[in-house]
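Let's take a walk through this structure together. Have the sequence and the 3D view open, and look for each spot as it comes up.

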Protein chains: 2
Amino acid sequence: MQKVYSSDNIATMDDLFRRAFVNSLTGFKSVCLIGSQTLNGKTNLAIFSQVFHIGANPALIGILVRPDKSPRHTLENILATKYFTINHIREEYYKNAHQTSARYSADVSEFEACGFTPEYSSAVNAPYVKEANVKIGLNLVEKNVLAINQTVLLIGEVKEVIVPDDCVLENGYIDIEKAGSITCSSLESYHVTKRLARLSYSKPDTFPTEL
Amino acid sequence: MQKVYSSDNIATMDDLFRRAFVNSLTGFKSVCLIGSQTLNGKTNLAIFSQVFHIGANPALIGILVRPDKSPRHTLENILATKYFTINHIREEYYKNAHQTSARYSADVSEFEACGFTPEYSSAVNAPYVKEANVKIGLNLVEKNVLAINQTVLLIGEVKEVIVPDDCVLENGYIDIEKAGSITCSSLESYHVTKRLARLSYSKPDTFPTEL
(Lines give C-alpha, C1' and ligand atoms only; values in the text may rest on other atoms or scores of the structure.)
Protein backbone atom coordinates (compact mmCIF):
# COMPACT_ATOMS: atom_id res chain seq x y z
CA MET A 1 0.00 0.00 0.00
CA GLN A 2 1.14 3.51 -0.81
CA LYS A 3 0.85 6.35 1.65
CA VAL A 4 0.44 9.94 0.46
CA TYR A 5 1.86 12.85 2.48
CA SER A 6 0.62 16.33 1.57
CA SER A 7 2.61 19.54 2.15
CA ASP A 8 0.32 20.15 5.15
CA ASN A 9 1.20 16.72 6.57
CA ILE A 10 4.90 17.55 6.19
CA ALA A 11 4.53 21.03 7.70
CA THR A 12 2.91 19.62 10.85
CA MET A 13 5.36 16.75 11.44
CA ASP A 14 7.45 16.71 14.62
CA ASP A 15 10.81 18.43 13.88
CA LEU A 16 13.01 15.36 14.28
CA PHE A 17 10.56 13.14 12.38
CA ARG A 18 10.47 15.64 9.48
CA ARG A 19 14.27 15.94 9.48
CA ALA A 20 14.69 12.15 9.05
CA PHE A 21 11.78 11.93 6.58
CA VAL A 22 12.81 14.77 4.24
CA ASN A 23 16.49 13.79 4.32
CA SER A 24 15.41 10.32 3.05
CA LEU A 25 13.71 11.68 -0.07
CA THR A 26 16.85 12.37 -2.11
CA GLY A 27 17.82 8.70 -2.26
CA PHE A 28 21.28 7.24 -1.71
CA LYS A 29 23.93 9.88 -1.30
CA SER A 30 27.61 10.67 -1.80
CA VAL A 31 28.81 10.37 1.79
CA CYS A 32 32.33 11.76 2.30
CA LEU A 33 34.64 13.20 4.91
CA ILE A 34 35.64 16.80 4.28
CA GLY A 35 39.05 17.78 5.58
CA SER A 36 40.02 21.39 6.24
CA GLN A 37 42.22 23.42 8.55
CA THR A 38 42.50 26.87 10.10
CA LEU A 39 45.12 29.36 8.92
CA ASN A 40 47.18 28.13 11.89
CA GLY A 41 46.99 24.52 10.72
CA LYS A 42 44.41 23.21 13.23
CA THR A 43 42.69 20.33 11.40
CA ASN A 44 38.97 19.65 11.11
CA LEU A 45 37.08 16.70 9.67
CA ALA A 46 33.32 16.48 9.02
CA ILE A 47 30.97 14.02 7.36
CA PHE A 48 28.96 15.45 4.46
CA SER A 49 26.27 13.90 2.30
CA GLN A 50 25.55 16.89 0.07
CA VAL A 51 28.50 16.55 -2.35
CA PHE A 52 27.81 16.67 -6.10
CA HIS A 53 29.28 16.94 -9.58
CA ILE A 54 29.11 20.42 -11.13
CA GLY A 55 31.29 20.05 -14.21
CA ALA A 56 34.04 17.93 -15.78
CA ASN A 57 36.10 20.57 -17.62
CA PRO A 58 37.14 22.35 -15.51
CA ALA A 59 36.56 19.62 -12.91
CA LEU A 60 34.20 21.13 -10.33
CA ILE A 61 32.50 19.70 -7.24
CA GLY A 62 29.92 21.42 -5.03
CA ILE A 63 29.15 20.97 -1.34
CA LEU A 64 26.28 22.42 0.69
CA VAL A 65 26.83 23.77 4.20
CA ARG A 66 24.14 24.90 6.61
CA PRO A 67 25.68 27.95 8.30
CA ASP A 68 23.77 27.29 11.53
CA LYS A 69 24.72 23.62 11.84
CA SER A 70 27.66 21.74 13.36
CA PRO A 71 30.02 21.64 10.37
CA ARG A 72 30.44 25.42 10.54
CA HIS A 73 34.15 24.96 11.36
CA THR A 74 34.44 23.44 7.90
CA LEU A 75 32.82 26.51 6.33
CA GLU A 76 35.03 28.95 8.27
CA ASN A 77 38.17 27.01 7.38
CA ILE A 78 37.38 26.76 3.67
CA LEU A 79 36.55 30.46 3.44
CA ALA A 80 39.83 31.30 5.26
CA THR A 81 42.26 28.96 3.46
CA LYS A 82 40.35 28.44 0.16
CA TYR A 83 41.14 24.71 0.26
CA PHE A 84 39.43 21.46 1.29
CA THR A 85 39.63 17.74 0.67
CA ILE A 86 36.90 15.18 -0.08
CA ASN A 87 37.62 11.67 1.14
CA HIS A 88 35.40 8.66 0.39
CA ILE A 89 34.39 6.50 3.36
CA ARG A 90 35.24 2.77 3.50
CA GLU A 91 33.10 0.15 5.24
CA GLU A 92 35.66 -0.39 8.02
CA TYR A 93 35.39 3.26 9.09
CA TYR A 94 31.71 4.17 8.80
CA LYS A 95 31.11 4.42 12.54
CA ASN A 96 34.19 6.62 12.95
CA ALA A 97 33.01 8.76 10.04
CA HIS A 98 29.51 9.13 11.55
CA GLN A 99 31.09 10.20 14.84
CA THR A 100 32.65 13.29 13.17
CA SER A 101 29.14 14.81 13.16
CA ALA A 102 29.21 15.18 16.97
CA ARG A 103 29.49 18.79 18.13
CA TYR A 104 33.12 18.84 19.22
CA SER A 105 34.51 22.15 20.47
CA ALA A 106 36.85 24.12 18.19
CA ASP A 107 39.96 22.99 20.09
CA VAL A 108 39.29 19.30 19.31
CA SER A 109 40.33 17.83 15.96
CA GLU A 110 37.87 15.21 14.71
CA PHE A 111 40.85 13.42 13.13
CA GLU A 112 42.19 12.50 16.56
CA ALA A 113 38.82 12.23 18.35
CA CYS A 114 37.36 9.85 15.73
CA GLY A 115 40.39 7.76 14.80
CA PHE A 116 41.57 9.21 11.49
CA THR A 117 45.06 10.29 10.40
CA PRO A 118 45.75 13.58 8.56
CA GLU A 119 47.93 13.29 5.47
CA TYR A 120 49.34 16.18 3.45
CA SER A 121 50.16 16.98 -0.16
CA SER A 122 51.79 20.06 -1.64
CA ALA A 123 48.80 20.46 -4.02
CA VAL A 124 46.29 21.68 -1.41
CA ASN A 125 46.38 23.51 1.91
CA ALA A 126 44.09 21.00 3.67
CA PRO A 127 44.50 17.54 5.23
CA TYR A 128 43.51 14.32 3.47
CA VAL A 129 42.28 11.27 5.39
CA LYS A 130 45.06 8.64 5.26
CA GLU A 131 42.50 5.83 5.77
CA ALA A 132 40.50 6.81 2.64
CA ASN A 133 41.03 5.06 -0.69
CA VAL A 134 39.64 7.88 -2.85
CA LYS A 135 40.88 11.39 -2.01
CA ILE A 136 40.23 14.65 -3.83
CA GLY A 137 41.98 17.98 -3.17
CA LEU A 138 40.08 21.14 -4.11
CA ASN A 139 40.53 24.90 -4.33
CA LEU A 140 37.50 27.09 -3.57
CA VAL A 141 36.37 28.94 -6.71
CA GLU A 142 32.79 30.05 -6.00
CA LYS A 143 30.45 30.66 -3.07
CA ASN A 144 26.68 31.07 -3.43
CA VAL A 145 24.19 31.72 -0.64
CA LEU A 146 20.80 30.21 -1.52
CA ALA A 147 18.12 32.89 -1.03
CA ILE A 148 15.45 30.44 0.14
CA ASN A 149 17.16 29.27 3.35
CA GLN A 150 20.70 30.75 3.47
CA THR A 151 22.35 27.40 2.79
CA VAL A 152 25.86 27.99 1.44
CA LEU A 153 26.93 26.30 -1.80
CA LEU A 154 30.71 26.09 -2.09
CA ILE A 155 32.26 25.05 -5.41
CA GLY A 156 35.78 23.65 -5.52
CA GLU A 157 38.01 23.03 -8.53
CA VAL A 158 39.73 19.64 -8.41
CA LYS A 159 43.50 20.13 -7.98
CA GLU A 160 44.48 16.53 -7.19
CA VAL A 161 42.93 13.05 -7.20
CA ILE A 162 44.43 10.08 -5.35
CA VAL A 163 42.89 6.65 -6.15
CA PRO A 164 43.96 2.99 -6.15
CA ASP A 165 45.59 2.46 -9.56
CA ASP A 166 43.68 -0.79 -10.23
CA CYS A 167 40.32 1.04 -9.89
CA VAL A 168 40.62 3.36 -12.91
CA LEU A 169 39.16 1.62 -15.97
CA GLU A 170 40.24 2.18 -19.57
CA ASN A 171 37.37 4.60 -20.30
CA GLY A 172 38.11 6.78 -17.26
CA TYR A 173 35.41 5.33 -14.97
CA ILE A 174 36.69 4.89 -11.41
CA ASP A 175 35.36 1.69 -9.85
CA ILE A 176 34.49 3.18 -6.46
CA GLU A 177 32.73 -0.03 -5.42
CA LYS A 178 36.02 -1.93 -5.85
CA ALA A 179 37.77 0.91 -3.98
CA GLY A 180 35.41 0.23 -1.05
CA SER A 181 33.41 3.48 -1.05
CA ILE A 182 30.04 3.28 0.74
CA THR A 183 26.80 5.26 0.47
CA CYS A 184 24.25 6.57 2.98
CA SER A 185 20.57 7.43 3.20
CA SER A 186 19.05 10.18 5.31
CA LEU A 187 21.23 11.07 8.31
CA GLU A 188 21.52 7.68 9.98
CA SER A 189 21.85 4.74 7.56
CA TYR A 190 25.00 3.41 5.86
CA HIS A 191 25.09 0.93 2.98
CA VAL A 192 27.57 -1.01 0.86
CA THR A 193 26.75 -1.54 -2.83
CA LYS A 194 26.58 -4.36 -5.35
CA ARG A 195 26.88 -3.50 -9.04
CA LEU A 196 23.98 -4.36 -11.36
CA ALA A 197 25.89 -3.39 -14.52
CA ARG A 198 27.72 -0.64 -16.35
CA LEU A 199 25.65 0.49 -19.32
CA SER A 200 26.62 1.90 -22.71
CA TYR A 201 25.94 5.51 -23.74
CA SER A 202 22.22 5.85 -24.63
CA LYS A 203 21.00 6.42 -28.18
CA PRO A 204 17.35 6.81 -29.20
CA ASP A 205 17.22 3.84 -31.57
CA THR A 206 18.91 1.12 -29.48
CA PHE A 207 18.48 -0.13 -25.93
CA PRO A 208 21.56 0.11 -23.63
CA THR A 209 23.99 -2.83 -23.54
CA GLU A 210 26.13 -3.92 -20.60
CA LEU A 211 29.79 -2.83 -20.73
CA MET B 1 49.18 1.10 -5.08
CA GLN B 2 47.80 4.62 -5.18
CA LYS B 3 47.93 6.74 -8.28
CA VAL B 4 48.05 10.54 -8.08
CA TYR B 5 46.44 12.71 -10.77
CA SER B 6 47.43 16.40 -10.80
CA SER B 7 45.23 19.19 -12.17
CA ASP B 8 47.50 19.18 -15.25
CA ASN B 9 46.87 15.44 -15.73
CA ILE B 10 43.11 16.07 -15.54
CA ALA B 11 43.25 19.07 -17.91
CA THR B 12 45.01 17.00 -20.59
CA MET B 13 42.75 13.92 -20.40
CA ASP B 14 40.71 12.92 -23.45
CA ASP B 15 37.24 14.52 -23.14
CA LEU B 16 35.26 11.29 -22.71
CA PHE B 17 37.85 9.83 -20.32
CA ARG B 18 37.73 13.00 -18.18
CA ARG B 19 33.91 13.00 -18.21
CA ALA B 20 33.76 9.44 -16.81
CA PHE B 21 36.65 10.07 -14.39
CA VAL B 22 35.41 13.34 -12.86
CA ASN B 23 31.81 12.12 -12.65
CA SER B 24 33.11 9.19 -10.54
CA LEU B 25 34.69 11.42 -7.90
CA THR B 26 31.50 12.38 -6.07
CA GLY B 27 30.77 8.81 -4.97
CA PHE B 28 27.44 7.02 -5.09
CA LYS B 29 24.60 9.26 -6.16
CA SER B 30 20.88 9.89 -5.84
CA VAL B 31 19.74 8.59 -9.22
CA CYS B 32 16.14 9.56 -10.04
CA LEU B 33 13.75 10.10 -12.91
CA ILE B 34 12.50 13.67 -13.21
CA GLY B 35 9.03 14.03 -14.69
CA SER B 36 7.81 17.27 -16.25
CA GLN B 37 5.50 18.46 -18.99
CA THR B 38 4.99 21.38 -21.37
CA LEU B 39 2.19 23.90 -20.84
CA ASN B 40 0.26 21.80 -23.38
CA GLY B 41 0.68 18.64 -21.31
CA LYS B 42 3.36 16.90 -23.42
CA THR B 43 5.25 14.72 -20.94
CA ASN B 44 9.02 14.40 -20.50
CA LEU B 45 11.12 12.07 -18.38
CA ALA B 46 14.88 12.30 -17.73
CA ILE B 47 17.39 10.51 -15.51
CA PHE B 48 19.26 12.79 -13.10
CA SER B 49 22.03 12.05 -10.64
CA GLN B 50 22.50 15.56 -9.26
CA VAL B 51 19.57 15.64 -6.81
CA PHE B 52 20.22 16.77 -3.23
CA HIS B 53 18.70 17.83 0.07
CA ILE B 54 18.60 21.58 0.67
CA GLY B 55 16.43 21.87 3.77
CA ALA B 56 13.82 20.04 5.86
CA ASN B 57 11.57 22.92 6.97
CA PRO B 58 10.41 24.01 4.48
CA ALA B 59 11.22 20.75 2.67
CA LEU B 60 13.49 21.71 -0.23
CA ILE B 61 15.32 19.64 -2.86
CA GLY B 62 17.80 20.92 -5.47
CA ILE B 63 18.62 19.57 -8.92
CA LEU B 64 21.40 20.64 -11.28
CA VAL B 65 20.79 21.01 -15.02
CA ARG B 66 23.41 21.67 -17.67
CA PRO B 67 21.66 24.07 -20.06
CA ASP B 68 23.66 22.74 -23.03
CA LYS B 69 22.96 19.06 -22.36
CA SER B 70 20.18 16.65 -23.33
CA PRO B 71 17.79 17.16 -20.37
CA ARG B 72 17.11 20.72 -21.53
CA HIS B 73 13.45 19.79 -22.16
CA THR B 74 13.24 19.21 -18.42
CA LEU B 75 14.63 22.68 -17.72
CA GLU B 76 12.27 24.37 -20.20
CA ASN B 77 9.26 22.51 -18.81
CA ILE B 78 10.04 23.30 -15.17
CA LEU B 79 10.59 26.98 -15.92
CA ALA B 80 7.29 27.08 -17.84
CA THR B 81 5.02 25.11 -15.49
CA LYS B 82 6.93 25.60 -12.18
CA TYR B 83 6.40 21.91 -11.31
CA PHE B 84 8.36 18.66 -11.49
CA THR B 85 8.41 15.21 -9.93
CA ILE B 86 11.31 13.14 -8.58
CA ASN B 87 10.85 9.37 -8.84
CA HIS B 88 13.28 6.83 -7.36
CA ILE B 89 14.47 4.06 -9.68
CA ARG B 90 13.89 0.38 -8.84
CA GLU B 91 16.22 -2.45 -9.87
CA GLU B 92 13.72 -3.88 -12.39
CA TYR B 93 13.74 -0.60 -14.37
CA TYR B 94 17.35 0.60 -14.34
CA LYS B 95 17.97 -0.07 -18.04
CA ASN B 96 14.73 1.71 -18.97
CA ALA B 97 15.74 4.62 -16.72
CA HIS B 98 19.22 4.82 -18.31
CA GLN B 99 17.59 4.90 -21.76
CA THR B 100 15.80 8.20 -20.92
CA SER B 101 19.20 9.91 -21.33
CA ALA B 102 19.14 9.28 -25.10
CA ARG B 103 18.59 12.43 -27.15
CA TYR B 104 15.00 11.95 -28.19
CA SER B 105 13.40 14.72 -30.22
CA ALA B 106 10.89 17.04 -28.51
CA ASP B 107 7.89 15.24 -30.03
CA VAL B 108 8.82 11.94 -28.32
CA SER B 109 7.85 11.32 -24.71
CA GLU B 110 10.49 9.27 -22.85
CA PHE B 111 7.62 7.75 -20.84
CA GLU B 112 6.38 5.89 -23.90
CA ALA B 113 9.77 5.40 -25.59
CA CYS B 114 11.38 3.89 -22.45
CA GLY B 115 8.49 1.90 -20.98
CA PHE B 116 7.18 4.07 -18.17
CA THR B 117 3.62 5.15 -17.36
CA PRO B 118 2.68 8.74 -16.42
CA GLU B 119 0.49 9.10 -13.33
CA TYR B 120 -1.15 12.31 -12.13
CA SER B 121 -2.05 13.96 -8.84
CA SER B 122 -3.91 17.19 -8.17
CA ALA B 123 -0.98 18.39 -6.02
CA VAL B 124 1.46 19.06 -8.87
CA ASN B 125 1.28 19.97 -12.55
CA ALA B 126 3.75 17.28 -13.62
CA PRO B 127 3.61 13.50 -14.23
CA TYR B 128 4.81 10.92 -11.72
CA VAL B 129 6.27 7.58 -12.80
CA LYS B 130 3.69 4.89 -11.96
CA GLU B 131 6.44 2.22 -11.76
CA ALA B 132 8.34 4.11 -9.01
CA ASN B 133 7.90 3.26 -5.33
CA VAL B 134 9.06 6.62 -3.99
CA LYS B 135 7.59 9.71 -5.69
CA ILE B 136 7.99 13.36 -4.78
CA GLY B 137 6.02 16.27 -6.26
CA LEU B 138 7.68 19.69 -6.20
CA ASN B 139 6.95 23.33 -6.94
CA LEU B 140 9.85 25.45 -8.28
CA VAL B 141 10.81 28.14 -5.73
CA GLU B 142 14.31 29.28 -6.73
CA LYS B 143 16.63 29.27 -9.74
CA ASN B 144 20.35 30.03 -9.54
CA VAL B 145 22.82 30.10 -12.42
CA LEU B 146 26.30 29.14 -11.23
CA ALA B 147 28.77 31.77 -12.42
CA ILE B 148 31.63 29.31 -12.93
CA ASN B 149 30.03 27.24 -15.73
CA GLN B 150 26.40 28.37 -16.18
CA THR B 151 24.98 25.19 -14.64
CA VAL B 152 21.43 25.87 -13.46
CA LEU B 153 20.45 25.01 -9.88
CA LEU B 154 16.70 24.60 -9.51
CA ILE B 155 15.19 24.35 -6.02
CA GLY B 156 11.78 22.78 -5.51
CA GLU B 157 9.58 22.80 -2.42
CA VAL B 158 8.09 19.39 -1.66
CA LYS B 159 4.30 19.48 -2.15
CA GLU B 160 3.59 15.74 -1.97
CA VAL B 161 5.38 12.49 -1.08
CA ILE B 162 4.11 9.04 -2.08
CA VAL B 163 5.88 6.06 -0.46
CA PRO B 164 5.08 2.46 0.51
CA ASP B 165 3.47 2.70 3.95
CA ASP B 166 5.60 -0.12 5.40
CA CYS B 167 8.82 1.80 4.59
CA VAL B 168 8.32 4.80 6.90
CA LEU B 169 9.86 4.01 10.30
CA GLU B 170 8.70 5.40 13.64
CA ASN B 171 11.41 8.12 13.71
CA GLY B 172 10.54 9.38 10.21
CA TYR B 173 13.35 7.60 8.35
CA ILE B 174 12.14 6.17 5.03
CA ASP B 175 13.71 2.77 4.34
CA ILE B 176 14.52 3.39 0.67
CA GLU B 177 16.50 0.16 0.48
CA LYS B 178 13.35 -1.79 1.42
CA ALA B 179 11.43 0.33 -1.11
CA GLY B 180 13.85 -0.91 -3.79
CA SER B 181 15.62 2.36 -4.65
CA ILE B 182 19.00 1.94 -6.35
CA THR B 183 22.10 4.15 -6.64
CA CYS B 184 24.58 4.95 -9.42
CA SER B 185 28.18 5.98 -9.89
CA SER B 186 29.53 8.21 -12.65
CA LEU B 187 27.31 8.12 -15.76
CA GLU B 188 27.27 4.41 -16.49
CA SER B 189 27.15 2.18 -13.40
CA TYR B 190 24.07 1.11 -11.38
CA HIS B 191 24.13 -0.54 -7.96
CA VAL B 192 21.79 -2.04 -5.38
CA THR B 193 22.61 -1.54 -1.70
CA LYS B 194 22.97 -3.60 1.47
CA ARG B 195 22.55 -1.83 4.81
CA LEU B 196 25.47 -1.85 7.25
CA ALA B 197 23.47 -0.23 10.05
CA ARG B 198 21.44 2.74 11.14
CA LEU B 199 23.39 4.76 13.71
CA SER B 200 22.29 6.91 16.64
CA TYR B 201 22.71 10.70 16.70
CA SER B 202 26.38 11.52 17.43
CA LYS B 203 27.53 13.07 20.70
CA PRO B 204 31.13 13.99 21.55
CA ASP B 205 31.45 11.75 24.60
CA THR B 206 29.98 8.47 23.30
CA PHE B 207 30.53 6.36 20.18
CA PRO B 208 27.46 5.78 17.93
CA THR B 209 25.25 2.75 18.62
CA GLU B 210 23.20 0.79 16.08
CA LEU B 211 19.49 1.63 15.97
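This is a predicted model: local features need pLDDT of at least 70, side-chain atom pairs count only at pLDDT 80 or more; totals for chains, interfaces and linings use all residues.

## Where the chains meet

Now for the interface itself. On the chain A side, 106 residues are in contact with 106 residues of chain B. The size of an interface is often given as the accessible area lost when the parts come together. Here the two chains bury about 9,300 Å² between them, and 61% of that is on carbon and sulfur atoms. Which residues of chain A lose the most area to chain B? They are A:Phe28, A:His53 and A:Leu196, and together they account for 8% of what that side buries.

Across the interface of chain A and chain B, 62 residue pairs are in polar contact, both partners being at pLDDT 80 or more. Four salt bridges turn up across this interface as well. In one salt bridge, the side chain of A:Glu210 meets that of B:Lys95, at 2.9 Å from N to O. Sorted by class, the side of chain A that touches chain B has 51 nonpolar, 33 polar and 22 charged residues.

## Strands that pair across the chains

Next, find strand β12 (residues 189-198) in each chain. How do these two strands run, parallel or antiparallel? The β12 strands of chain A and chain B run antiparallel, and nine bridges join them. For one of the partners, pick A:Ala197: in β12 of chain B, its bridge partner is B:Tyr190.

## A serine in chain B

B:Ser121 is worth a stop. This serine lies in strand β7 (residues 118-121) of chain B. Leaving aside neighbours within four places in sequence, B:Ser121 is in contact with B:Tyr128 and B:Glu160. With B:Glu160 there is a polar contact between the two side chains, at 2.7 Å. A polar atom of the B:Ser121 side chain also lies 3.0 Å from the backbone nitrogen of B:Ala123.

Most residues other than glycine have a negative phi, and most peptide bonds are trans. A few spots here go the other way. In chain A, a cis peptide bond joins A:Asn57 and A:Pro58, with omega about 0°. A:Pro58 sits in the loop between β4 (51-56) and β5 (59-65) of chain A. In chain B, B:Asn57 and B:Pro58 are joined by a cis peptide bond, with omega about 5°, and B:Pro58 is in the loop between β4 (51-56) and β5 (59-65) of that chain.

You'll find A:Lys82 in the loop between α3 (72-81) and β6 (83-88) of chain A.

Methods. Residues are numbered from 1 along each chain as its sequence is written. Chains are lettered from A and ligands numbered from 1 in the order in which they are written. Side-chain values use heavy atoms; hydrogens and water are left out. Helices (H or I, at least four residues) and strands (E, at least two) are DSSP runs, numbered from the N terminus. A polar contact is a pair of N or O atoms within 3.5 Å; within protein, one must be able to donate a hydrogen and the other to accept it, and residues adjacent in sequence count only if both atoms are side-chain atoms. Contact means heavy atoms within 4.5 Å. Buried area is the accessible area (1.4 Å probe) that two parts lose on being put together, summed over both. Ala, Val, Leu, Ile, Met, Phe, Trp, Tyr, Cys and Pro count as nonpolar, Asp, Glu, Lys and Arg as charged, and the others, Gly among them, as polar. Two strands pair if DSSP finds at least two bridges between them.
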